[in-house]
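Please examine the sequence and the structure shown below. This report describes charged side-chain pairs and the surroundings of the ligand.

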Amino acid sequence: MSHSAPGHTAVLLEEAVAALAIRADGVYMDLTYGRGGHSRAILERLGPAGRLIALDRDPQAVAAGREIRDPRFSIAHAPFSEIAQVLDRANAAQVHGVLADLGVSSPQLEDPERGFSFRADGPLDMRMDPTRGVSAADWLAAATEQQIREAIGGYGEERFAKQVAKAIVDARAREPLLRTEQLAAVVAAAVRTREAGQNPATRTFQALRILVNRELEEVALMLPQATRRLAPQGRLAVISFHSLEDRLVKRFLKACSADSLPADLPIRARDLPQPPLTLVGRAQRASDAEVAANPRARSATLRAAERTTAALDASILQRAFSEHGPDAWRS
Ligand SMILES: C[S@@+](CC[C@H](N)C(=O)[O-])C[C@H]1O[C@@H](n2cnc3c(N)ncnc32)[C@H](O)[C@@H]1O
């Protein structure tokens, strides 16, 4: 069966499904249904008693998922920061595997009406879930120059954040910034040096997308819930597409696994408290062949871990997220 569902080619498909070590009668979650490439591959490996609970915050993805007629499958419209509620509604106390394939889907990127792309003109929206939250245009209309500069510098790692923020504030004083093409032109005029092969608006658009969708907050809320709901030996697999979210995933997995203990501790391994997760292999990147066939795979990183029986207590979360301050993702 092909997993290139119409409009979206699943990235690191075999690797992610292998990392889940699927048992035929298990209960699995696909937190980012998209167009269902990973979901279909999971369903193929489940027996009649298996279950797959999918979700997506994008109503279009959920509508696509509702076309799957399979009694083992269900899909909910929810952000993955609400895993606990989705599982409660599905009467599933524990699951045997959770997959998150972060970021945006090709149908979202390619539809100018969604406002994600600087390549085609459309409304400056960028919300994965247009039924909630604030669009990029509304945020840009209300934010201060400093907020804009911090967002573009922090989430976009744009060297010219100061210049871009000033250009945006000057432009919006002349006319409201409502279209992707308008914003792309304002940014292009403010970014003085070009990165090879990259549109000057790339970093600003990435920053606004992360901000409008609260992408890092969503991941930070999702990881502990997913871990807590995993049955012992259950697997967590996360594919990230930009360094800020990968850093968050890496820090969390490290804090939750023995990997975070200094190698020179004067204690025997068996005397240490058991960590809630064990890392499964190293971070994986897409093969050259996959990147050649699907350039979107170029920036993908897969990380996986297995649940132990140990509790995920608050001190671990503190180590994962707050030790570095609320802005850990910046460092
Ligand atoms: C990279 S695509 C997933 C593609 C999918 N694995 C496939 O094979 O078709 C990411 C999807 O996750 C969804 N998504 C991103 N962040 C989300 C969040 N915080 N909660 C729920 N869904 C989210 C997006 O709407 C998008 O449909």
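The sections below treat the salt bridges and then the ligand.

## Basis of the report

The structure is a predicted model.

## Salt bridges in the model

Side chains of opposite charge can pair when their charged atoms come close. In this model, the count comes to 14 salt bridges. Several of them are described here, together with the exposure of their residues.

## Buried pairs and a network

Is Arg-209 buried or exposed? With a relative accessible area of 13%, Arg-209 is buried. Arg-209 forms a salt bridge with Glu-215, and the closest N and O atoms are 2.8 Å apart. Glu-215 is buried as well, because its relative accessible area is 5% and the limit for a buried residue is under 20%.

A further salt bridge brings together the side chains of Arg-303 and Asp-246, at 2.8 Å from N to O. This pair links distant parts of the chain. Arg-303 lies in strand E8 (residues 301–307), whereas Asp-246 lies in helix H12 (residues 243–255), and the two are 57 residues apart. Both Arg-303 and Asp-246 are buried. Elsewhere, salt bridges link Glu-82, Asp-129 and Arg-132 in a network.

## Surroundings of the ligand

Which residues come nearest to the ligand? Of the 25 residues around the ligand, these are His-38, Asp-56, Phe-80, Asp-101 and Glu-218.

A polar backbone atom of Arg-35 is 2.8 Å from an oxygen atom of the ligand. For Gly-37, a backbone N or O atom lies 3.0 Å from an oxygen atom of the ligand. Asp-101 places a polar side-chain atom 2.7 Å from a nitrogen atom of the ligand.

The space taken by the ligand is the largest cavity. Helix H2 (37–45) and strand E2 (51–56) are the elements that give two or more residues to the shell around the ligand.

Definitions and conventions: Residues are numbered from 1 along each chain as its sequence is written. This is a predicted model: local features need pLDDT of at least 70, side-chain atom pairs count only at pLDDT 80 or more; totals for chains, interfaces and linings use all residues. Side-chain values use heavy atoms; hydrogens and water are left out. A salt bridge is a side-chain nitrogen of Lys or Arg within 4 Å of a carboxyl oxygen of Asp or Glu. Buried means under 20% relative accessible area, exposed over 50%, partly exposed in between (1.4 Å probe, protein chains only). Helices (H or I, at least four residues) and strands (E, at least two) are DSSP runs, numbered from the N terminus. A residue is near a molecule or strand if one of its heavy atoms lies within 4 Å of it. A polar contact is a pair of N or O atoms within 3.5 Å; within protein, one must be able to donate a hydrogen and the other to accept it, and residues adjacent in sequence count only if both atoms are side-chain atoms. On a 1 Å grid over the protein atoms alone, a cavity is a set of points where a 1.4 Å probe fits but cannot get out, and a pocket is an open set with protein on both sides within 12 Å along at least five of seven lines; lining residues have an atom within 4 Å of a point. A molecule sits in a cavity or pocket if more than half of its atoms lie within 2 Å of its grid points.
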